[in-house]
Amino acid sequence: MRALHIAGTGMMAQQTNVEVISNNIANMNTTGYKRRRAEFQDLLYQNLRRTGSQSAEGGTVLPSGAQVGLGVRTAAIYRISSQGSLQPTENRFDLAIRGNGYFQVQLPTGETAYTRDGTFGLSPEGVIVTAEGFPVQPGIVVPANARDVTINVNGEVFAAIDGQVQPQNLGQIQIAIFPNEGGLEAIGDNLLLATPASGQAQAGAPGAPGFGNVLQGYVESSNVNIVQEVTNLITAQRAYEMNSRVITASDEMLSTLSRMR
Amino acid sequence: MDNAGYIVLSRMSAQLRATAVIAHNVANLDTPGFHGSRAVFADHLARARATELPPGGRDLHFTWDRATWRDTEPGPIRQTGNPLDIAITGAGYFAVETPQGERYTRAGRFTLAADGTIVDMGGNAVLSDAGRPLQIAPGDTELTVGADGVISGRNGEIGRIRIVRFENEQALLAEGERLYAAPPGADPLPVDRPRLVQGALEGANVNAVTEMVRLTEEMRQFQFAVRFAEAEHERQTSAIDRLLRRR
């Protein structure tokens, strides 16, 4: 009885779907979170009768074959990297990227991770760091006597220092872009790692062609659209129910068979 | 000589396969570009031999699930906002290059490979109308896909996506992973004026209501066939009983 197993694959797929949707809803207020979507594809097919084979009488060619598919499986869970809305925070080290690009963060292991979460602050040494304390690359040190820090759309950091008329240029925050953002690997804590699928990171100044702008005093909220998620959740639940209906019906057919006198 | 029993048996086994087809449709309710299929029944004529009446034998009609017929109506188009999600609003298929040769798909969920080639979810390169993979230079971000399939980036036109159609779409063999193979002799023909929508994806064209109704119908007919087989069995038993009693 193939129908039972086929409907089983359908239920498993919808379960994955609900898991992905619940993760999106749970991260609705996570800064820089990009929503995910589960992608499905059909499993292989059994050819009961091949297209183009000849039927018995007179050599007529069958116009279409008989194929029975074997269900569905999860093809991928991909990130939708559309822009999230920008939320003003009035914190001078909060940065948001408008457009393409990721902040580069140096992990304690020495690896570079990428993030859209620009909730930054200062370390005791005055280095601009993420909420977890990882330095943002290239490491920019704000002197202790700085009165105010301004970061312009191109990522250049200026400090107003007591006794100086001209603001002092401390350096430029660089952002990275990828040939295929979808290939980045999420490692939690809003951090992503480059993989062969994402391609080589290309670092550059914000505002350069192909790169987004940096906005001071804003953070990018998640791009989760709650209406869309709830709609998807309802669809997933109904699809799950329908697959279970198929199982019930197949079971009823089998029990009819076994009760056959 | 138990023809009635065999005819019912043919119906029952065909119906089990038809249920598997429905189950596959329902399982793929959420598969982009999926086209649902349907079992087609036909009666398979056989001539019963060695019967007295009428002379020359009688025609017996066995059930035969002759083929599966694929519904090629386009599915609903859903906005996704992803620049490389492309839906075909009319007829036609995308052509992709797989290790087994050229394959065709309706699922326009594409992404970029590490080298900038436009690929489908299985990593197969999407072909241009020149038959080559479409390659995008690193940093060339603002991709637009015109309704006619022309992809252009910041630095100008990159290429045109190849859209093909077939004389007989039913002849295409579904291979899973949303791909179709063309059997020998069924060569793809170019679509002169494809209509594409960027940032949208074609859903499965499976109608849940129809599938559920068909499933119930299939189940009841199966139960009816079983009841018929039981009745036939009773008839034979009582006939044997009566014949024995008459002795």
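Predicted model: local features only at pLDDT ≥ 70, side-chain atom pairs only at ≥ 80, totals over all residues.
Chain A splits into two parts: domain 1 takes in residues 2-81 + 224-258, and domain 2 covers 86-220. The centres of domain 1 and domain 2 of chain A sit 41 Å from each other, going by C-alpha atoms. Where these two domains of chain A touch, domain 1 puts in seven residues and domain 2 puts in nine. On the domain 1 side of that contact in chain A, two residues are nonpolar, four are polar and one is charged.

Chain B is likewise assigned two domains, with domain 1 made of 3-72 + 206-246 and domain 2 of 77-202. Here the C-alpha centres of domain 1 and domain 2 of chain B are 40 Å apart. The contact inside chain B brings eight residues of domain 1 up against 10 residues of domain 2. The domain 1 side in chain B holds three nonpolar, four polar and one charged residues.

Next comes the meeting of the two chains. In total, 51 residues of chain B contact 58 residues of chain A. On the chain B side, at least two residues each come from helix 1, strand 2 (58-70), strand 7 (111-112), strand 14 (173-176) and helix 2 (208-246). Sorted by class, this side of chain B has 27 nonpolar, 16 polar and eight charged residues.

The crossing of helix 2 of chain A past helix 1 of chain B is left-handed. In this pair, A:Met242, A:Asn243, A:Val246, A:Ser250 and A:Met253 come up against B:Thr19, B:Ile22, B:Ala23, B:Val26 and B:Ala27. That contact between helix 2 of chain A and helix 1 of chain B counts seven nonpolar and three polar residues, with no charged ones.

Helix 2 of chain A also packs on helix 2 of chain B, this time at an angle of about 5° and with axes 9 Å apart. That angle makes helix 2 of chain A and helix 2 of chain B roughly parallel. The chain A residues in this pairing include A:Met242, A:Val246 and A:Met253, and these three take part in the contact with helix 1 of chain B too. Among their partners in helix 2 of chain B are B:Met212, B:Leu215, B:Met219 and B:Phe222. The contact of helix 2 of chain A with helix 2 of chain B has 11 nonpolar, two polar and two charged residues.

Within chain B, helix 1 and helix 2 cross at roughly 160°, their axes coming within 10 Å. Helix 1 and helix 2 of chain B are therefore roughly antiparallel, and helix 1 passes helix 2 in a left-handed crossing. Residues in this contact include B:Val8, B:Met12, B:Ile22 and B:Val26 from helix 1 of chain B, and B:Leu215, B:Phe222 and B:Phe228 from helix 2 of chain B. By class, the contact of helix 1 with helix 2 of chain B comes to 11 nonpolar, five polar and five charged residues.

A:Glu39 belongs to strand 1 of chain A, residues 36-42. A:Glu39 counts as buried because 21 C-beta neighbours lie inside 10 Å. Although A:Glu39 and A:Tyr78 are 39 residues apart in sequence, their C-alpha atoms are 7.5 Å apart. Beyond its neighbours within four places in sequence, A:Glu39 touches residues in both chains, including A:Tyr78, B:Arg109 and B:Met121.

Most residues other than glycine have a negative phi, and most peptide bonds are trans. The bond from A:Gln137 to A:Pro138, however, is cis, with omega near -10°. A:Pro138 sits in the loop between strand 10 (128-129) and strand 11 (146-151) of chain A. A:Glu90 has a positive phi, near 65°, and lies in the loop between strand 5 (86-88) and strand 6 (95-98) of chain A. With 8 C-beta neighbours inside 10 Å, A:Glu90 counts as exposed. In chain B, B:Glu177 has a positive phi of about 50° and belongs to the loop between strand 14 and strand 15 (179-181). B:Glu177 is partly exposed, with 19 other C-beta atoms within 10 Å.

Technical notes
Residues numbered from 1 in each chain as written. Chains lettered and ligands numbered in written order. Domains from an automatic or database assignment. Nonpolar A, V, L, I, M, F, W, Y, C, P; charged D, E, K, R; others polar. Left-handed = near helix turned anticlockwise from the far one by under 90°. Helix = DSSP H or I, 4+ residues; strand = E, 2+ residues; numbered from the N terminus. Buried ≥ 20, exposed ≤ 12 C-beta atoms within 10 Å, placed from the backbone. Axes fitted to C-alpha atoms, helices over the stretch in contact; angles between N-to-C directions. Parallel < 35°, antiparallel > 145°, perpendicular 65-115°, else oblique.
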